[in-house]
Amino acid sequence: MSQQIEAIILAGGLARRMGGEDKGLIELLGKPMIAHVIGRLKDQVNKIRINANKNQDRYAELGLDVFADQLEGFLGPLAGIYSGLAECQSSLMLVVPCDCPLLPLDLVSRMQQQLLAANADLAVATDGERDHSVVMLLKPELRQSLKTYLETGQRRVESWYDEFNVARVSFADQPNAFVNVNTHEQKQQLAEVISKA
Ligand SMILES: Nc1nc2c(ncn2[C@@H]2O[C@H](COP(=O)(O)OP(=O)(O)OP(=O)(O)O)[C@@H](O)[C@H]2O)c(=O)[nH]1
Ligand SMILES: [Mg+2]
């Protein structure tokens, strides 16, 4: 297990494409979506916390700490990351979304190794072609920059981290690694893929 790395799972969005149902709590193959994500991470980090703005009691039943966005108004994933960094007690924090149930089992070791090798501020996962911008490993010192960025009305994750030294970490060897679920149809398709695997 990587030392001194904690993770936050972002489950604070409005899930509009799911009709406003709480995406992390939607059942996928008999358990909440977020439980799949926890299963992928639990042997990779020292601690996992859940970022949720609704149904916090239900998330807490999973036995993990739950925290809400400190800035109101559903400002996007960066609001969750900003709040997560406030309580971060490790030298690096991993961020993942709640709707990505096939995350790599070697996610943290590879992200950490490449962040350190590049002396980067932040590592972002890619599928070999594009960034998966809410799968990142970052230094807590970036919190102040995040605050300024959000306070000036900006929201886009990629534009925020562009100003830093970013290590892009390819997981092209795992084509399903970042399959994520935004609609009921995608959930059904993924359930079929996992069942046949
Ligand atoms: N904390 C927090 N997380 C968010 C917010 N908006 C999105 N996220 C999270 O960011 C990740 C990626 O976002 P999306 O896949 O677009 O999820 P979403 O915004 O809930 O869904 P849509 O409304 O359908 O776009 C998910 O894990 C969301 O929970 C927000 O305002 N606050
Ligand atoms: Mg969204």
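Q: What covers the buried residues of α1?
A: The cover includes β1, β2, β3 (31-32), β4 and β6. This is a predicted model.

Q: Which residues of helix α1 are buried?
A: In α1 (residues 33-41) they are Met-33, Ile-34, His-36, Val-37 and Ile-38.

Q: What joins β1 to β4, and how do the two strands run?
A: Here too there are 6 bridges, and β1 and β4 (residues 47-52) run parallel. Ala-7 has Ile-48 as its bridge partner in β4.

Q: Which residues are closest to ligand 1?
A: They are Gly-12, Gly-13, Arg-17, Gly-80 and Pro-97. The ligand is surrounded by 22 residues. The elements that give two or more residues to this shell are β1 and α3 (77-86).

Q: Which element gives the most to the shell around ligand 1?
A: α3 does, with 3 residues.

Q: How do the residues of that shell divide by type?
A: Around ligand 1 there are 11 nonpolar, 6 polar and 5 charged residues. In this scheme Gly counts as polar.

Q: Why is α3 called largely enclosed?
A: Of its 10 residues, 9 are buried, so the rest of the structure largely encloses α3. The buried ones are Pro-77, Leu-78, Ala-79, Gly-80, Ile-81, Tyr-82, Ser-83, Gly-84 and Leu-85.

Q: Why is Gly-12 called buried?
A: The cut-off is 20 or more other C-beta atoms within 10 Å. Gly-12 has 29, so it is buried. Its place is in the loop between β1 and β2 (27-28).

Q: Which residues does Gly-12 touch, not counting those up to four places away in sequence?
A: Gly-12 touches Asn-51, Ala-52, Asn-53, Asp-69 and Gly-80.

Q: How do you know that Asp-69 counts as buried?
A: Count its C-beta neighbours inside 10 Å. There are 22, so Asp-69 counts as buried. Asp-69 sits in the loop between β5 (65-67) and α3. Beyond four places in sequence, it touches Gly-12, Asn-53, Ala-79, Gly-80 and Ser-83.

Q: Which residues does UniProt list under "binding site"?
A: The unreviewed entry lists Leu-10, Ala-11, Gly-12, Lys-23, Asn-51, Asp-69 and Asp-99.

Q: What does UniProt list for residues 7-159?
A: The unreviewed entry gives "domain: MobA-like NTP transferase". In the model this span is 31% helix and 24% strand. Its end C-alpha atoms lie 22 Å apart.

Q: Why is Ser-195 called exposed?
A: The limit for that word is 12 or fewer other C-beta atoms within 10 Å. Ser-195 has 8, so it is exposed. This residue lies in helix α7 (residues 184-196). The C-alpha atoms of Ser-195 and Leu-29 are separated by 8.3 Å, though the two residues are 166 apart along the chain.

Q: What makes Glu-192 count as exposed?
A: Glu-192 has 11 C-beta neighbours inside 10 Å, so it counts as exposed. Glu-192 is also found in helix α7. From Leu-29 it is 163 residues away in sequence and 9.3 Å away in space, C-alpha to C-alpha.

Q: How many helices and strands does the protein have?
A: There are 7 helices and 9 strands.

Q: Why is the protein called as compact as a globular protein of its length?
A: Its radius of gyration is 16 Å, close to the 16 Å that the globule rule gives for 197 residues, so the description holds. The C-alpha trace spans about 40 × 40 × 30 Å along its principal axes.

Technical notes:
Residues are numbered from 1 along each chain as its sequence is written. Chains are lettered from A and ligands numbered from 1 in the order in which they are written. This is a predicted model: local features need pLDDT of at least 70, side-chain atom pairs count only at pLDDT 80 or more; totals for chains, interfaces and linings use all residues. Two strands pair if DSSP finds at least two bridges between them. Helices (H or I, at least four residues) and strands (E, at least two) are DSSP runs, numbered from the N terminus. A residue is near a molecule or strand if its C-beta atom, placed from the backbone, lies within 6 Å of it. UniProt positions are given in the numbering used here, feature names are shortened, and annotations may be inferred rather than shown by experiment. The radius of gyration is taken over C-alpha atoms; the globule rule is 2.2 Å times the number of residues to the power 0.38. Two residues are in contact if their C-beta atoms, placed from the backbone, lie within 7 Å.
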